[in-house]
Amino acid sequence: MSTTMTAAVRADADGYILRTATAHDVDGARAVMLDTVYRDLRSGYVPRWHADIIDPEASYLRPERCTLLVAERDGEIVATGAVRDRGPQAPPNPQWVADRFPSGSTAQLCRIYVTPEHRRHGLARRLVRELCDFVARAGGYEAVYLHTDPSVPGAEPFWRSLAREVCDERTLPGRGQSVVHFELPMPAAG
């Protein structure tokens, strides 16, 4: 991981520290992610969708244009957020969505998860801001993409407050995966 691409440590008055994850944070970050896929997404661990959760170091800490941020409070990881350098794949996503957000030139925001007892403190919004700053510093990206499961309480309104809808699969014949695809404004470099 390039040291020029790491986010600065940010300690807020509310006691949260937002920073780039290190190898020492992998277990705590993985716990937040797995708890979320079981509790909120109700899918459980599905290898083809969640392989990055098992090995966040290979997925986010080693690649130059990827990152994993964590929010910590009292020594515990309570939130995660990541950028990966690949767009959505088809299938399972609609082909036109995959074509619009190709891997390599698309920064995909993912794994933006906050444990229930730490929600409503602005952590997700702070993570998104820092991740977008990372995208601008990394360079070479032409789009910022994400998708969300609208059945997760609060997820859809949160993303609608920050991003523009590209495709709501609930409106497609057969409802696709019932996820909503979004694009965030491309952050300015510098």
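**Exercise 1. Is S105 buried or exposed?**

*Solution.* A quick heads-up before we start: this is a predicted model.

Step 1: find the residue. S105 sits in the loop between α4 (95-100) and β5.

Step 2: check the relative accessible area. For S105 it comes to 15%. Buried means under 20%, so S105 counts as buried.

Step 3: look for its partners. Leaving out residues up to four places away in sequence, S105 touches G140, Y141, E142 and A143. Take G140 from that list: it is 35 residues from S105 along the chain, yet their C-alpha atoms are separated by 6.3 Å.

**Exercise 2. Work out how the buried residues of helix α2 are arranged.**

*Solution.* 

Step 1: pick them out. Helix α2 covers residues 47-54, and H50, D52 and I53 are buried there.

Step 2: look around the axis. These residues cover an arc of only 115°, which puts them on the same side of α2.

Step 3: turn to the other side of α2. There you'll find P47 and R48, which are exposed.

Step 4: ask what the buried side meets. The buried residues of α2 pack against α1 (26-39), α3 (56-61), β4 (76-84) and β5 (106-114).

**Exercise 3. Compare T115 and H118, which are in the loop between β5 and α5.**

*Solution.* 

Step 1: start with accessibility. T115 has a relative accessible area of 9%, so it is buried. H118 is buried too, with a value of 11%.

Step 2: list the contacts, again skipping residues up to four places away in sequence. T115 touches V32, R39 and V78. H118 touches Y16, R73, V78 and L123. Spot V78 in both lists.

Step 3: H118 and P173 are 55 residues apart in sequence, and their C-alpha atoms are separated by 37 Å.

**Exercise 4. Step back and describe the whole chain.**

*Solution.* 

Step 1: count the elements. The chain has six helices and eight strands, in the order β-β-α-α-α-β-β-α-β-α-β-α-β-β.

Step 2: A compact globule of 190 residues would have a radius of gyration near 16 Å, and the chain agrees because its value is 16 Å. Its C-alpha atoms fill a box of roughly 45 × 35 × 30 Å along the principal axes.

Step 3: check burial and contacts. Buried residues make up 49% of the 190. Among contacts between residues at least 6 apart in sequence, 63% join residues at least 24 apart.

Step 4: finish with the charges. There are 23 positive and 25 negative side chains, and the centres of the two sets lie 4 Å apart.

How values were computed:
Residues are numbered from 1 along each chain as its sequence is written. This is a predicted model: local features need pLDDT of at least 70, side-chain atom pairs count only at pLDDT 80 or more; totals for chains, interfaces and linings use all residues. Side-chain values use heavy atoms; hydrogens and water are left out. Buried means under 20% relative accessible area, exposed over 50%, partly exposed in between (1.4 Å probe, protein chains only). Helices (H or I, at least four residues) and strands (E, at least two) are DSSP runs, numbered from the N terminus. The arc is that of the directions from the helix axis to the C-beta atoms. Contact means heavy atoms within 4.5 Å. The radius of gyration is taken over C-alpha atoms; the globule rule is 2.2 Å times the number of residues to the power 0.38. Lys and Arg count as positive and Asp and Glu as negative; His and the chain ends are not counted. The place of a charge is taken as NZ of Lys, CZ of Arg, CG of Asp or CD of Glu.
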